[in-house]
Every structure is written in C-alpha cells, then in structure tokens.
Amino acid sequence: MNRAQRKAVKLRRKLGLHGRVDAEEVANLLGLVVKPWPLKVQEEMLMGHFISVAERLDSRWRRWVIAHAIGHRLLHPGNHMWIRDHTSLGSLFEREAEDFARALLLDAREAVEEGLSEVWEVAEHFGVPDEMVQIQAPMRME
C-alpha cells in the first residue's frame with residue numbers, strides 16, 4: 001500500500017465510512033467547498049478551499065473527481081498547474097490522487113464481505129465508474 005492509499009484508508013476509518021461514500025460531505029468535513037462549474041476540458045480544479053467540478057459529470061464521476069481533488073489537497077501542497085508545467089512530478093501527483101480516490105471510495109474487504117465479485121457489482125455498491133474498479137484477490141498468508 002502506498003502513501004496515498006494509506007492516507008485514504010486512515011481517513012475512511014477515522015470518518016467511519018462504509019458503502020457509498022458521499023465525497024462532497026467528506027470534502028465539507030475537511031473544510032472544502034464543492035461547486036459545480038462549466039469546465040469544458042478539465043473535470044475538476046482545486047483552488048484554495050474550493051473544488052470546482054465539471055457540471056457535465058454524472059454522479060459516479062462527480063464522486064470520483066471530488067475524491068481525487070481531496071487527494072491532491074491532502075497529499076500535494078502548492079500550485080499544481082505550475083508543478084505540472086515545470087517539473088516531472090505531474091504524472092506522479094495524478095497517480096497518487098487516483099490511488100487516494102480509489103482507497104477512499106472503495107473498500108476491498110467490504111466488497112468481499114458483501115459477496116461482490118463482478119466489476120459492475122463493486123461499482124454499483126460503491127457508486128463509482130466501472131472503469132475505476134480494480135479487483136485484486138486478497139493475498140493468502142500461510
């Protein structure tokens with residue numbers, strides 16, 4: 001588990017999150033304000049304590065990009081646009097934000113306990129886009 005996943009799991013446990021996580025409520029609890037915005041290219045933008053989310057997104061993608069933005073806020077201080085344009089850290093930051101979103105919104109143990117095995121079942125249970133679900137069999141410890 002990487003640092004982004006650890007941070008998300010810790011937050012998930014601290015807030016007692018289960019099932020379909022209300023990412024906007026999590027953002028609010030962290031002092032962030034989510035605003036729909038007519039973004040044409042980007043899906044989300046984090047500025048100060050505001051998360052602007054593209055109005056065009058459905059509820060599953062909206063939940064995902066809010067969690068992604070929370071990951072950036074908790075993991076990556078500074079001006080992300082400048083970092084993306086002037087350093088090689090941009091792709092690392094994006095990967096960490098995706099890992100954070102996945103760990104905040106999905107819980108593999110809960111999926112197993114609920115008997116969910118198909119991607120669509122996991123996606124439906126947690127309210128995330130099917131393509132963002134990664135199923136990984138638990139490791140057997142002997």
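This is a predicted model: local features need pLDDT of at least 70, side-chain atom pairs count only at pLDDT 80 or more; totals for chains, interfaces and linings use all residues.

Modeller: Start with a hairpin. Strands pair through backbone hydrogen bonds, in either a parallel or an antiparallel way. Here β2 and β3 form a hairpin, with two residues between them. Gly48 sits in the turn and has a positive phi of about 65°.

Biologist: In which sense do β2 and β3 pair, and over how many bridges?

Modeller: Two strands pair if DSSP finds at least two bridges between them. β2 and β3 have four, in the antiparallel sense. Follow the partners across. Met47 has Phe50 of β3 as its bridge partner. Met45 stands opposite Ser52 in β3.

Biologist: In what order do the three strands of the sheet lie?

Modeller: The order is β1-β3-β2, in an open sheet with mixed pairing. β1 (33-37) and β2 (44-47) are the edge strands, each pairing on one side only. Ignoring direction, neighbouring strands are turned by 25° against each other on average.

Biologist: Which helix packs on the sheet?

Modeller: α3 does, and it touches β1, β2 and β3. Touching, or contact, means heavy atoms within 4.5 Å. The direction of α3 makes about 35° with that of β2. For such angles, axes are lines fitted to C-alpha atoms, for helices over the stretch in contact, and the angles run from 0 to 180 degrees between N-to-C directions.

Biologist: How many helices and strands does the protein chain have?

Modeller: Seven helices and three strands. From the N terminus they run α-α-β-β-β-α-α-α-α-α.

Biologist: Now the inside. Which residues of the largest nonpolar core touch the most other members?

Modeller: The general idea comes first. In soluble globular proteins, nonpolar side chains tend to be buried together. A nonpolar core is a set of buried Ala, Val, Leu, Ile, Met, Phe, Trp, Tyr and Cys residues joined through side-chain atoms within 4.5 Å. Buried means under 20% relative accessible area, exposed over 50%, and partly exposed in between (1.4 Å probe, protein chains only). The largest core here has 38 residues, and those touching the most other members are Ile51, Ile66, Ile70, Phe100, Leu104 and Val128. Elements that each supply at least two residues include α1 (3-14), β3 (50-54) and α5 (90-105). α3 gives the most, seven residues.

Biologist: What does Ile66 touch, not counting residues up to four places away in sequence?

Modeller: Ala23, Glu24, Ala27, Val34, Ile51 and Val53. As for the whole protein chain, buried residues make up 41% of its 142 residues.

Biologist: Next, charges. How many salt bridges does the structure hold?

Modeller: Side chains of opposite charge can pair when their charged atoms come close. The cut-off for a salt bridge is a side-chain nitrogen of Lys or Arg within 4 Å of a carboxyl oxygen of Asp or Glu. The structure holds nine. Take Arg12 and Asp107, whose closest N and O atoms are 3.7 Å apart. Asp107 lies in the loop between α5 and α6 (108-113), Arg12 in helix α1, and the two are 95 residues apart. Arg12 also meets Glu110 in a salt bridge (3.4 Å, N to O). Glu110 lies in helix α6, 98 residues from Arg12.

Biologist: Are Arg12 and Glu110 buried or exposed?

Modeller: Both are buried. Arg12 has a relative accessible area of 5%. Asp107, at 24%, is partly exposed.

Biologist: Which helices hold Glu24 and Arg62?

Modeller: Their side chains form a salt bridge (2.7 Å, N to O). Glu24 is in helix α2 and Arg62 in helix α3, so the pair ties together parts 38 residues apart in sequence. Glu24 is partly exposed at 27%, and Arg62 is partly exposed at 22%. Elsewhere, salt bridges with shared partners join Arg20, Arg60, Glu124 and Asp130 into one network.

Key: Residues are numbered from 1 along each chain as its sequence is written. Side-chain values use heavy atoms; hydrogens and water are left out.
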